[in-house]
Amino acid sequence: MSRERVLILYCLAVAVIGWCWLIASAPTVMPVVVGLFVLLALLIEFLGFRIPPSDPHSLVGIVVLAAGLALGTTNGALIAAIAGLIFGIVEPLLYHRPRSLYLFGARPLFRSGVRAIALLIGGALAGVLGLAPPWSLIVLIPCYALTIQSARAIREGIQGGKTGLTTWWYSSWRSILWAEIAPLPFAALFAEVYSQLHLAYFLLSSGALLAMTIAVRRAVQNLRLQRRSVRELALLNEASRAIIRAELDADALSELIYREASKVVDTSSFHLGLFDPESDRYTLVVRVQDRVRLPRLTVNLPVGDGIVGWMRQTGRALLVEDFASEMAHLPARPRYQSDRPPRSGIYVPLLNGETVIGSISIQSYQPRTFDTDDMRVLSLIADQAAVAISKARAYHDANQRAVQLQAIHEVSERITAILDPDELLPSVVQLIREHFGYHPVHIFTLDEPQQLIFRASTAEGPALKSVSTGALRLGQGLIGNAAKEGKPLIIDDVRQDTRYIGDDAQTRSELAVPLRFGDRIVGVLDLQSPEVCRFGSRDLSVMQTLADQIAVAIESARAFAAQREEAWTLNALLQVAENIASTSSLSELLQTVVRLPPLLLGCDRCYCIFTDRMHTTFTPRSAYGLTEAQRAAFLGVRFAAVDAPILADVARSVFPTPVEDAGIRRYLCPQILEPFGGQSLLVLPLWARGVTLGVLVIDYDQVRATFTTREMTLYNGIANQIAGALETALLAQEAAEVARLEEELQVARGVQTALLPQHVPQLEGWDAAADWRSARIVGGDFYDYWHLGGQFGFVIADVSDKGVPAAMFMALSRSLVRAAALDGSLPDQALVRANRWITRDSESGMFVTIFYGLIEPLTGKLTYCCAGHNPPLLLRVDGSFKELTTPGIALGVLEEITLHHAVVEMQHGDLLVCYTDGVTESFDEHGEQFGVARLIEVAQRHRHESADAIIEAINEALHRFSLGVIYDDVTLVVIRRESL
């Protein structure tokens, strides 16, 4: 609440108390008597005198106390209240005071209420003591004097503070004592004249009292004029001594000058202002208006602007006796605009040599209040004050500079010892506030992508919340402009700058200093103040020095943080590697990989999800952070990629993808977001050697504004290690599976080999041999021998596929062919029957080509049937050859087929070579097939050798031709009828 409001409330409170007490006392005096005493009191008050800045002084106390003695204290209080109220309303007009609610309302009521209270207190005390007039005057005088002057003192203290109270007392106590208190005993004589003598004597006494009032007034005026010169000299001497003895403090000196000037002239409206030597700022250090002390004010005042600017430019004083008549002739016009401007004033510069360091001005609402003597005295005080203020300023500047340098040193030592950025910047702003007194202080750092990020502040509450919300772009606001231009900004009044962003309603001035490291801007140091023109060149110089050190500290802290972050990341990745390396199985690995991210980075849940090679389905394999029921419902449940778009995109693009607003975009992966309620996701691909094995999903319950670089680096490192470990584990699992299958295939090969004849039957006059080699561990070729009475049966066959399926079909076909042939049927009949069984018992879609022959050892008759097989070669003794073939198709294609048999006689020395297509269709390095011609050539060359030798020769030729590579199963059956 302002002083003026408090003063008005005080006055009204006193008035209410006085009038309520007066009304409750019920005065009974006649109106004529009241009017007579009130008229006399008003006449005496009008003839009083006033020594600024105090109230008017008069002998009205004699009339008031006389009325109290003659008519009773209650009636006297009524007369005093009425007279005080009327004179209080007229006084501002009489002394040309400003028209205000206080002067025309509150103060007259206060005057009347105080006088009523003073008499009523005295009357009450006299009644308690049993004192009757005129002896009651002994009590009335001190009660009246103390009450009146105490109320005035309280009023002056509220109005002008301690300084105003002191000024009033020094200027008024003599007048109060001799003009108001000392004559009060005459009230007894005046009361006796009214009570005991005729009215004419009372009027005569009243005239005498008026004459005495006039005489006192003239005496006071003469005394003031006579003593003025002596007093001025004494005051000047006293002021000089006070200034010399004063401390070297500009503010204290300004207060002292105001007090000393108040002893010489009326300082009801007094201004003492100082110029900033390095700018146009002008600060009113002492600012009194209508005896009300106002707070100091700083404004921009260019040289030559207004009367004060003119004084700064010329160094000359100015006396204005009446603004109304002199305005057109003044060297400068007043800068202020007011509905009630002053009528007169003195304007004196504070000169230190040739430099104007400030000004003193006193004003009045009355014309010709001041004269040349006032200006001369005030100029003398100003000259001495200017020298003292200049010395005080120089001392203050030197002392402040020393303090600032020491503070900069201390701050620098402390901030350079802090290497944690999150600890450094809050410490910096607090240190600046502690050592330099700036508040609030903010620091913003420039981060990618060219944004200013709030980092620390001394602000609190709503102000902190306002400044810390969001980021600033380069060129945005005063801070953004300072960072963009790389130059400091001093804004004296942010309300006049369109670049200012109003984040704090209290801010009036601002200083933004870029934090420069070399050629780079790393941030901005921002200082704000609720005072206009708070920051100057000294503030900029200090803060620029400190800003450079802060920039170095920030870069050092960033480098340390980067090294620490890198070390932490490497340590975390090492822990990941150690944990992964300690696993011994795929299931243990899966449980480990989903446990590591929550432990290292604090996510709430983690899932490892595998994808198929075509990325069409996903299968959760492990999860962390779920209940048992959630795990049971989630793990192993396959879902389509189209139902989880974010997982499919990451698996396809192999780029980590954060989803900060996953809570409102549950359609991206409803299998995770709906049952578990996550708000932010990070999906990482598990990619190894060009293959996406799956995705690692990081799930947060809270919305994440962003994922830091460190988090992304660590998450990517974890995902890469997990992908490599998973690939190794899967390869190991596949290798184990392959080993197991190979072992099983070896067993199957053993079984398949056991199905083939272990020994070739020994027939007299015949030499037979066979060889079976598969392209894989197991194959689809087979051969067989059996005896049917006096005949010798044999088969050679080739299944249409390779590997395990062909081996299984070969086992089935061998058994069914043997079963169909053992009844001694002709080859074509046996094979037709076997075909019927094969097609009925197998739905594999495979077929088998087969050559079945029956030999009568004694005659050499060969009955055969060729069911789609490579025709065997019958090499005659004379060197000719024949391919043994019959019409027909392979077995297993159709259920009902027609086959035929044929008969040929093998002469002594003839050679029969049966083979599968693995022999003739082998390739050399140029892609050329071995062919039937090469087979015939080899057989012809070795036809006189044994059957085993012939097979060995064929195999050797085949090995040389294909460089040892077997492309298909190779089976040979060689039968030779020995020569006679």
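Q: In which crossing, left-handed or right-handed, does α1 pass α5?
A: A crossing is left-handed if the near helix is turned anticlockwise from the far one by less than a right angle, and right-handed if clockwise. Here α1 passes α5 in a left-handed crossing. Helices (H or I, at least four residues) and strands (E, at least two) are DSSP runs, numbered from the N terminus. This is a predicted model, in which local features need pLDDT of at least 70 and side-chain atom pairs count only at pLDDT 80 or more, while totals for chains, interfaces and linings use all residues. Residues are numbered from 1 along each chain as its sequence is written, and side-chain values use heavy atoms, with hydrogens and water left out.

Q: At what angle do α1 and α5 pack, and how far apart are their axes?
A: Two packed helices are described by the angle between their axes and the distance between the axes. Axes are lines fitted to C-alpha atoms, for helices over the stretch in contact, and angles run from 0 to 180 degrees between N-to-C directions. For α1 (residues 3–25) and α5 (residues 101–129), the angle is about 45° and the axes are 7 Å apart. The two helices are therefore oblique to each other (under 35 degrees is roughly parallel, over 145 roughly antiparallel, 65 to 115 roughly perpendicular, and the rest oblique). By class, the contact of α1 with α5 has 21 nonpolar, four polar and no charged residues. Here Ala, Val, Leu, Ile, Met, Phe, Trp, Tyr, Cys and Pro count as nonpolar, Asp, Glu, Lys and Arg as charged, and the others, Gly among them, as polar.

Q: How do α25 and α26 pack, and in which crossing?
A: Helix α25 (residues 931–941) meets helix α26 (residues 947–962) at an angle of about 135°, with the axes 9 Å apart. That makes α25 oblique to α26. The crossing of α25 past α26 is right-handed.

Q: How many cavities of 30 Å³ or more does a search of the whole structure find?
A: On a 1 Å grid over the protein atoms alone, a cavity is a set of points where a 1.4 Å probe fits but cannot get out, and a pocket is an open set with protein on both sides within 12 Å along at least five of seven lines; lining residues have an atom within 4 Å of a point. Grid points are joined across faces, edges and corners, and a volume is the space filled by probe spheres set on the points. The search finds five such cavities. Of the 15 residues that line the largest cavity, Val-60, Tyr-144, Ile-148, Arg-152 and Glu-180 are the closest to its centre. Helix α6 supplies the largest share of that lining, seven residues. By class, the lining of the largest cavity divides into seven nonpolar, four polar and four charged residues.

Q: What lines the second largest cavity?
A: The second largest cavity holds about 110 Å³ of space. Its lining includes Asp-55, Arg-107, Phe-110 and Ile-148. Helix α5 gives the most to this lining, with five residues. By class, the lining of the second largest cavity has three nonpolar, no polar and six charged residues.

Q: Which residues are closest to the centre of the second largest pocket?
A: The second largest pocket holds about 1,000 Å³ of space. Of its 32 lining residues, the closest to its centre are Arg-296, His-396, Gln-400, Arg-534 and Arg-538. Helix α12 (372–416) is among the elements that each supply at least two lining residues, and α12 gives the largest share, eight residues. The lining of the second largest pocket divides into 13 nonpolar, eight polar and 11 charged residues.

Q: Which phi value does Arg-291 have, and where does Arg-291 lie?
A: Most residues other than glycine have a negative phi, and most peptide bonds are trans. Arg-291 has a positive phi of about 65° and lies in the loop between β4 and β5 (292–293). At 9% relative accessibility, Arg-291 counts as buried (buried is under 20% relative accessible area, exposed over 50%, partly exposed in between, with a 1.4 Å probe and protein chains only). Val-654 also has a positive phi, near 60°, and sits in the loop between α19 (645–653) and β19 (657–659). With a relative accessible area of 26%, Val-654 is partly exposed.

Q: Is the peptide bond from His-439 to Pro-440 cis or trans?
A: That bond is cis, with omega near 0°. Pro-440 lies in the loop between α13 and β10 (441–447).
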